[in-house]
Amino acid sequence: MTHHLLRWEATLWAAGHRVTRQRALILDAVCAGEGHTSLGEVFARVRRVDRTIDRSTVYRALRLFVELGLVLTADTGGGELRYEITKPHPHHHLVCRGCGREQEIGADALRAMTDHVSRQHGFRVATDHLVLFGLCAACSRQMP
Ligand SMILES: [Zn+2]
Ligand SMILES: [Zn+2]
């Protein structure tokens, strides 16, 4: 599982948080998503293993993971934040407004834009996880 690469226990300890079975379970549930997962989906997955965990415990753990950089959030337009395990390489997402399909692209794709911003405005962009909306190739072909 992806998060075993993250040394997440060490990260929790270093920040003064306990490593609990529940937190491990919640991180597993985020990993199981292979991409973006809503709070509801994470919660459902956790509940299948342990029925005693409540929604607020899951929410608090996710917030902690985000704060510690173990989990990324993205707003993919469904009105709900999506959670995703942090990957070793920065990336962005393309979300199709037509069919809802998501695609992942490397951070290089937007480097020209961030370089331009830094040259023109002296502003060093630190955002390394963006969601871009549009139409995928298949949907574009169907649109006039
Ligand atoms: Zn992502
Ligand atoms: Zn599409």
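Histidine 91 is buried, with a relative accessible area of 3%. Buried denotes under 20% relative accessible area, exposed over 50% and partly exposed the range in between, for a 1.4 Å probe and protein chains only. Histidine 93 is likewise buried, at 2%. The model is predicted: local features need pLDDT of at least 70, side-chain atom pairs count only at pLDDT 80 or more, and totals for chains, interfaces and linings use all residues. Residues are numbered from 1 along each chain as its sequence is written, chains are lettered from A and ligands numbered from 1 in the order in which they are written, and side-chain values use heavy atoms, with hydrogens and water left out.

Both histidines belong to the metal site. The zinc ion (ligand 1) is coordinated by Glu84 (OE), Glu84 (OE), His91 (NE2), His93 (NE2) and His129 (NE2), at 1.9 to 2.8 Å. Donors are N, O and S atoms within 2.8 Å of the metal (3.2 Å for Na, K and Ca); water is not among the atoms, so sites may look incomplete. Along the chain, the zinc donors follow the spacing E-x6-H-x1-H-x35-H.

Glutamate 84 is buried, with a relative accessible area of 1%. Its side chain makes polar contacts with the side chains of lysine 87 (2.9 Å) and histidine 91 (3.2 Å). A polar contact is a pair of N or O atoms within 3.5 Å; within protein, one must be able to donate a hydrogen and the other to accept it, and residues adjacent in sequence count only if both atoms are side-chain atoms. Not counting residues up to four places away in sequence, glutamate 84 touches residues including Val30, Leu72, Glu104 and His129. Contact here means heavy atoms within 4.5 Å.

Glutamate 84 lies in strand 3. Helices (H or I, at least four residues) and strands (E, at least two) are DSSP runs, numbered from the N terminus. Strands pair if DSSP finds at least two bridges between them. An open sheet of three strands has the order 1-3-2, with antiparallel pairing. Strand 1 (37-38) and strand 2 (71-75) stand at the edges with a single partner strand each, so one side of each lacks a neighbour in the sheet. Five bridges join strand 2 to strand 3 (residues 81-85). Leucine 72 has glutamate 84 as its bridge partner in strand 3.

Helix 2 (residues 21-31) has buried residues Leu25, Ile26, Leu27, Ala29, Val30 and Cys31. Their cover includes helix 1 (8-14), helix 3 (39-49), helix 4 (55-67) and strands 1, 2 and 3. Cysteine 31 has 8% relative accessibility. Cysteine 96, at 4%, is also buried. The disulfide count is zero, a disulfide being a pair of cysteine sulfur atoms within 2.5 Å.
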